[in-house]
Amino acid sequence: MKAAPVSNDIILRTGASIMVPVILLWGLYVLIHGAIGPGGGFQAGVILAAGFILYTTAFGLKEAKKILSVKLLMVIASTGLFIYAGVGMLAIIFGGNFLEYGVIPIGRTPAEASKYGIEMVELGIGLTVMSIMLSIFYDIALKEKGE
Amino acid sequence: MVLELIFTKYNYIIYITLMTIGFYGMIGKRNLIKKLIGMSIFQYSIFLFYVSAADVSGGTAPILLKEPAVYVNPLPHVLILTAIVVAVSTLAVGLSLAIRIYREFGTLDEDKILELSK
Amino acid sequence: MRRYLAILSCIIFWAILVYGVSDLPALGDPEAPANKHVAPRYVEGSYKESGVPNIVTAILANYRGYDTLGETTVIFTAGITVMVLIRRKEK
């Protein structure tokens, strides 16, 4: 925000600086609340990506890449997929089938363990979807002069 | 017969019309971006079809409540949730292919591309 | 010429599909085959087996977990494809 603003539209920049934190917070809420209310990994990932896309349109691609660089995005995407597959493999290690969360010894009952497993999986989906959507946006977005 | 079709199954007629619009976009237009828009309309008409097949009249969203309630069918929602993501992925790949083709040939018109690539 | 062929085939496509509509269940019919097959089992059993009240999430991540893993791989692959196709080298 301190660097030279790319967009000269003061309404867009002021609106974005108010809206972006709220959108990101809401995305996190949807991600964490996904098991007990409307929501889930896919939706939360897209909402988080939308927040960053708003930030990018207001403050420019350069500023956005300072926060979430392309390399970091690929690391996050791989981490999300790794969390998903890792939870599945964890179930194999504890003697169940692939992605059979009930056998993982967290929580008192298999249903509770399965709840935590679902939360982890949703987190993985959310991370992957967010970073891939942003990565696609970075690639398709018009480059500014001097970039 | 026809009236019964229109009054109880109007939703299907709407999706079929949308689907035909998308189909026309895919086969009738020459611009690659317009073809992709047609493909998206086609896909989304099918999503609407699935979600409306899940509907149960008087049902609520498939999130369990304390008191017993009628829920809509959750399975099509799950299928469509994943299908939307695949639709976005195919659209992104298609658009990036279109960008590549534009960089290579300088046009998005199908016939011109076929001529240039001979 | 091509445009008229396209319009003609679209009209035929539309007519065939509308003809098929007469066999489909009405909107919101609780007795529709799609609502009778596995859906009641999911509505009744998902909380006991998965421990989450959101049935959609339970099916998505538990019953169809393998499917969703494939789905996540699909978007991952799409992201990499876009990157390979149009990313230019950054200076």
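In the predicted model, 51 residues of chain B are in contact with 43 residues of chain C. The area buried between these two chains amounts to about 4200 Å², and carbon and sulfur atoms account for 71% of this area.

Between chain B and chain C, 14 residue pairs are in polar contact, both residues of each pair being at pLDDT 80 or more, and the number of salt bridges between the two chains is two. One of these salt bridges joins the side chains of B:Asp111 and C:Arg2, with an N to O distance of 3.9 Å.

On the side of chain B that touches chain C, at least two residues are supplied by each of helix H1 (2–8), helix H2 (10–28), helix H3 (32–53), helix H4 (74–105) and helix H5 (110–116) of chain B. The largest share of this side is that of H4(B), which provides 17 residues. When the side of chain B that touches chain C is divided by class, 30 residues are nonpolar, 12 are polar and nine are charged.

A charged residue of chain B, B:Lys9, lies in the loop between H1 and H2 of that chain. With residues up to four places away in sequence left out, B:Lys9 touches B:Glu4 within its own chain and, in chain C, the residues C:Val21, C:Ser22, C:Leu24, C:Pro25 and C:Ala26. The relative accessible area of B:Lys9 is 8%, and B:Lys9 is therefore classed as buried, a term that applies under 20%.

Conventions. Residues numbered from 1 in each chain as written. Chains lettered and ligands numbered in written order. Predicted model: local features only at pLDDT ≥ 70, side-chain atom pairs only at ≥ 80, totals over all residues. Heavy atoms only, no water. Contact = heavy atoms within 4.5 Å. Buried area = accessible area lost by both parts, 1.4 Å probe. Salt bridge = Lys/Arg side-chain N within 4 Å of Asp/Glu carboxyl O. Polar contact = N/O pair within 3.5 Å; in protein donor to acceptor, adjacent residues only side chain to side chain. Helix = DSSP H or I, 4+ residues; strand = E, 2+ residues; numbered from the N terminus. Buried < 20%, exposed > 50% of the residue type's maximum accessible area, 1.4 Å probe, protein only.
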